[in-house]
Amino acid sequence: KGRLENLKGHSKDVMMDETVEKAAHALAKAGVVGSDLANMINEAAINAVKMGRKFVNQSDLFDAFELVAVGGKEKKDRIMSDKERKIVAYHEIGHAMVTALQKNTEPVQKITIVPRTIGALGYTLQTPEEEKFLQTKEELLAKITTYMGGRAAEVLVFDSATSGAANDIEHA
């Protein structure tokens, strides 16, 4: 509720179209602080203007969330070989499949193999359904299992692991 009020405050002077669902947006961004919400609104407005639109849409807000909360802009000019793209795709699908097969996990919102400026070649975005301040042992184990799902998929499909799982291993 607080995030929704914060979002309304930061967006009061920004024209938004009918696709924007502020309540769903606020809920999906559980854990994002007020300054990040303000930054997201600004980035969404900038994106709408760049696209020649007067109104911010839900896509603008989601792109802004990725920029602010996920970390960095898409690097569409980073050229990966077909083999690397295939490895990254299986890696990210590994995370998503492991998530879907477990209890105590956050739902997957997006999977991409478009590189970002933070160095990631792809990512699987999960967002909590509700804000939590504590995690159970079962939730933590599910999170660790999900982190390792990408590397497991690489090993299963390619009979080898890559350095692509370094960040996952660090988080786990």
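1. Start with D82 and R85: in this predicted model, their side chains pair up in a salt bridge, N to O at 2.2 Å. Both residues sit in helix 5, three residues apart, or about one turn of the helix. D82 counts as exposed because its relative accessibility is 58%, over the 50% cut-off. R85, at 34%, is partly exposed.

2. That pair belongs to a set of four salt bridges in the structure. Another one joins E66 and K110, with the closest N and O atoms 3.0 Å apart. E66 is in helix 4 and K110 in strand 1, so this contact ties together parts 44 residues apart in sequence. E66 is buried at 1% relative accessible area, while K110 is partly exposed at 22%.

3. Have a look at R53 and D60 too, whose side chains meet in a salt bridge at 2.7 Å, N to O. D60 is buried, with a relative accessible area of 2%; R53 is partly exposed at 28%.

4. I93 is found in helix 5 and is partly exposed, at 36% relative accessibility.

5. Now the second largest pocket, with a volume of about 450 Å³. Helix 3 (34–50) and helix 4 (58–71) each give two or more residues to its lining, and helix 4 gives the most, with six. Of the 16 lining residues, N47, D63, L67, K73 and E74 lie nearest the centre. By class, the lining has ten charged, four nonpolar and two polar residues.

Terms used: Residues numbered from 1 in each chain as written. Predicted model: local features only at pLDDT ≥ 70, side-chain atom pairs only at ≥ 80, totals over all residues. Heavy atoms only, no water. Helix = DSSP H or I, 4+ residues; strand = E, 2+ residues; numbered from the N terminus. Buried < 20%, exposed > 50% of the residue type's maximum accessible area, 1.4 Å probe, protein only. 1 Å grid on protein atoms, 1.4 Å probe; cavity = no way out; pocket = protein on both sides within 12 Å on 5 of 7 lines; lining within 4 Å. Points joined across faces, edges and corners; volume = space filled by probe spheres on them. Nonpolar A, V, L, I, M, F, W, Y, C, P; charged D, E, K, R; others polar.
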